[in-house]
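The sequence and structure come first, then the notes.

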Amino acid sequence: MINILDLCARILISILFFLNGIFKIMNYDGAISWMESYGIPGVLIIPAIILEILGPILIILGYKTKITASILSVFCLATAIIFHNDFNNQMQLTSFLKNIAIAGGFLFLVINGSKKFSLDNKLK
(Lines give C-alpha, C1' and ligand atoms only; values in the text may rest on other atoms or scores of the structure.)
Protein backbone atom coordinates (compact mmCIF):
# COMPACT_ATOMS: atom_id res chain seq x y z
CA MET A 1 0.00 0.00 0.00
CA ILE A 2 2.90 2.38 0.75
CA ASN A 3 4.18 2.00 -2.81
CA ILE A 4 0.79 2.86 -4.30
CA LEU A 5 0.45 5.89 -2.01
CA ASP A 6 3.94 7.01 -2.98
CA LEU A 7 3.02 6.88 -6.67
CA CYS A 8 -0.29 8.67 -6.03
CA ALA A 9 1.51 11.39 -4.04
CA ARG A 10 4.05 11.88 -6.83
CA ILE A 11 1.22 12.21 -9.36
CA LEU A 12 -0.76 14.64 -7.20
CA ILE A 13 2.18 16.94 -6.48
CA SER A 14 3.11 16.94 -10.18
CA ILE A 15 -0.25 17.71 -11.80
CA LEU A 16 -0.18 21.42 -10.93
CA PHE A 17 3.21 21.98 -12.55
CA PHE A 18 2.50 19.95 -15.65
CA LEU A 19 -0.77 21.78 -16.30
CA ASN A 20 0.84 25.18 -15.64
CA GLY A 21 3.53 24.34 -18.18
CA ILE A 22 0.87 23.46 -20.75
CA PHE A 23 -1.09 26.64 -19.94
CA LYS A 24 2.07 28.72 -20.40
CA ILE A 25 2.54 27.21 -23.86
CA MET A 26 -1.09 27.84 -24.77
CA ASN A 27 -0.89 31.44 -23.51
CA TYR A 28 2.76 32.06 -24.33
CA ASP A 29 2.52 35.81 -24.97
CA GLY A 30 0.39 36.36 -21.89
CA ALA A 31 2.82 34.37 -19.74
CA ILE A 32 5.73 36.47 -21.02
CA SER A 33 3.82 39.69 -20.31
CA TRP A 34 2.95 38.48 -16.81
CA MET A 35 6.58 37.65 -16.02
CA GLU A 36 7.82 40.95 -17.44
CA SER A 37 5.29 42.83 -15.29
CA TYR A 38 7.30 41.54 -12.31
CA GLY A 39 10.59 42.67 -13.83
CA ILE A 40 11.60 39.15 -14.90
CA PRO A 41 12.97 38.79 -18.45
CA GLY A 42 10.37 37.14 -20.68
CA VAL A 43 12.96 34.78 -22.13
CA LEU A 44 12.96 32.93 -18.79
CA ILE A 45 9.54 31.57 -19.69
CA ILE A 46 11.29 28.90 -21.80
CA PRO A 47 13.23 27.25 -18.94
CA ALA A 48 10.15 27.64 -16.71
CA ILE A 49 8.01 25.75 -19.23
CA ILE A 50 10.64 23.04 -19.65
CA LEU A 51 10.92 22.64 -15.88
CA GLU A 52 7.15 22.64 -15.38
CA ILE A 53 6.64 19.92 -17.98
CA LEU A 54 9.76 17.77 -17.68
CA GLY A 55 10.01 17.94 -13.87
CA PRO A 56 6.57 16.45 -13.19
CA ILE A 57 7.11 13.72 -15.77
CA LEU A 58 10.35 12.73 -14.06
CA ILE A 59 8.70 12.85 -10.61
CA ILE A 60 5.78 10.68 -11.76
CA LEU A 61 8.12 8.18 -13.42
CA GLY A 62 10.30 8.26 -10.33
CA TYR A 63 13.45 8.97 -12.33
CA LYS A 64 16.16 11.08 -10.68
CA THR A 65 13.48 11.84 -8.11
CA LYS A 66 15.69 13.44 -5.47
CA ILE A 67 17.46 15.76 -7.92
CA THR A 68 14.24 16.75 -9.69
CA ALA A 69 12.40 17.30 -6.40
CA SER A 70 15.28 19.51 -5.20
CA ILE A 71 15.05 21.66 -8.31
CA LEU A 72 11.26 21.92 -8.10
CA SER A 73 11.45 22.81 -4.41
CA VAL A 74 13.82 25.70 -5.15
CA PHE A 75 11.56 26.72 -8.06
CA CYS A 76 8.56 26.84 -5.69
CA LEU A 77 10.44 28.96 -3.17
CA ALA A 78 11.69 31.33 -5.87
CA THR A 79 8.27 31.78 -7.45
CA ALA A 80 6.70 32.36 -4.02
CA ILE A 81 9.20 35.09 -3.23
CA ILE A 82 9.19 36.73 -6.69
CA PHE A 83 5.54 36.54 -7.69
CA HIS A 84 3.53 36.22 -4.46
CA ASN A 85 4.98 38.71 -2.03
CA ASP A 86 2.07 41.13 -1.56
CA PHE A 87 0.89 39.86 1.81
CA ASN A 88 -1.81 42.55 2.03
CA ASN A 89 -3.58 40.68 -0.79
CA GLN A 90 -5.21 37.50 0.59
CA MET A 91 -4.88 35.66 -2.74
CA GLN A 92 -1.17 36.48 -2.94
CA LEU A 93 -0.62 35.33 0.64
CA THR A 94 -2.48 32.10 -0.08
CA SER A 95 -0.43 31.55 -3.25
CA PHE A 96 2.77 32.25 -1.33
CA LEU A 97 1.87 29.72 1.37
CA LYS A 98 0.76 27.18 -1.28
CA ASN A 99 4.14 27.41 -2.98
CA ILE A 100 5.94 27.07 0.37
CA ALA A 101 3.83 24.01 1.21
CA ILE A 102 4.52 22.39 -2.16
CA ALA A 103 8.25 23.08 -1.68
CA GLY A 104 7.94 21.17 1.59
CA GLY A 105 6.27 18.27 -0.21
CA PHE A 106 9.13 18.15 -2.68
CA LEU A 107 11.58 18.15 0.23
CA PHE A 108 9.91 14.96 1.48
CA LEU A 109 10.77 13.43 -1.89
CA VAL A 110 14.34 14.71 -1.57
CA ILE A 111 14.63 13.02 1.83
CA ASN A 112 12.78 9.78 1.05
CA GLY A 113 13.12 9.35 -2.71
CA SER A 114 10.58 7.29 -4.58
CA LYS A 115 9.49 3.81 -3.61
CA LYS A 116 8.93 0.57 -5.51
CA PHE A 117 6.91 1.95 -8.45
CA SER A 118 9.70 4.10 -9.88
CA LEU A 119 12.49 4.00 -12.39
CA ASP A 120 14.94 4.91 -9.63
CA ASN A 121 14.01 1.65 -7.89
CA LYS A 122 14.13 -0.39 -11.09
CA LEU A 123 17.56 0.99 -12.04
CA LYS A 124 19.20 0.25 -8.68
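Contact here means heavy atoms within 4.5 Å. Helices (H or I, at least four residues) and strands (E, at least two) are DSSP runs, numbered from the N terminus. The model is predicted: local features need pLDDT of at least 70, side-chain atom pairs count only at pLDDT 80 or more, and totals for chains, interfaces and linings use all residues. Residues are numbered from 1 along each chain as its sequence is written, and side-chain values use heavy atoms, with hydrogens and water left out.

**Confidence**
- The protein chain has an average pLDDT (the predictor's confidence in each residue, from 0 to 100) of 96, and 100% of the residues score at least 70.
- Among the elements, the highest mean pLDDT, 98, belongs to helix α3 (residues 45-61), and the lowest, 94, to helix α6 (residues 119-122).

**Overall fold**
- The protein chain contains 6 helices and 0 strands, in the order α-α-α-α-α-α along the sequence.
- Its radius of gyration (taken over C-alpha atoms) is 15 Å, close to the 14 Å that the globule rule (2.2 Å times the number of residues to the power 0.38) gives for 124 residues, so the chain is as compact as a globular protein of that length.
- Along the principal axes, the C-alpha atoms fill a box of roughly 45 × 30 × 20 Å.

**Packing of α4 and α5**
- Axes are lines fitted to C-alpha atoms, for helices over the stretch in contact, and angles run from 0 to 180 degrees between N-to-C directions.
- Helix α4 (residues 65-83) and helix α5 (residues 90-112) have axes that come within 8 Å and cross at roughly 165°.
- α4 is therefore roughly antiparallel to α5 (under 35 degrees counts as roughly parallel, over 145 as roughly antiparallel, 65 to 115 as roughly perpendicular and the rest as oblique).
- The crossing of α4 and α5 is left-handed (the near helix is turned anticlockwise from the far one by less than a right angle; clockwise is right-handed).
- Residues of α4 in the contact include Leu72, Cys76 and Phe83, and those of α5 include Phe96, Phe106 and Val110.
- The contact of α4 with α5 divides into 16 nonpolar, 7 polar and 1 charged residues (Ala, Val, Leu, Ile, Met, Phe, Trp, Tyr, Cys and Pro count as nonpolar, Asp, Glu, Lys and Arg as charged, and the others, Gly among them, as polar).

**Packing of α1**
- Helix α1 (residues 2-26) and α5 pack at about 135°, with axes 11 Å apart, which makes α1 oblique to α5.
- This contact joins Arg10, Ile13, Leu16 and Phe17 of α1 to Lys98, Ile102, Gly105, Phe106 and Leu109 of α5; by class it has 6 nonpolar, 1 polar and 2 charged residues.
- The axes of α1 and α3 come within 8 Å and cross at roughly 155°, so these helices are roughly antiparallel to each other.
- α1 passes α3 in a left-handed crossing.
- Among the residues of this contact are Arg10, Phe17 and Ile25 of α1 and Ile49, Glu52 and Pro56 of α3.
- The contact of α1 with α3 has 15 nonpolar, 3 polar and 3 charged residues.
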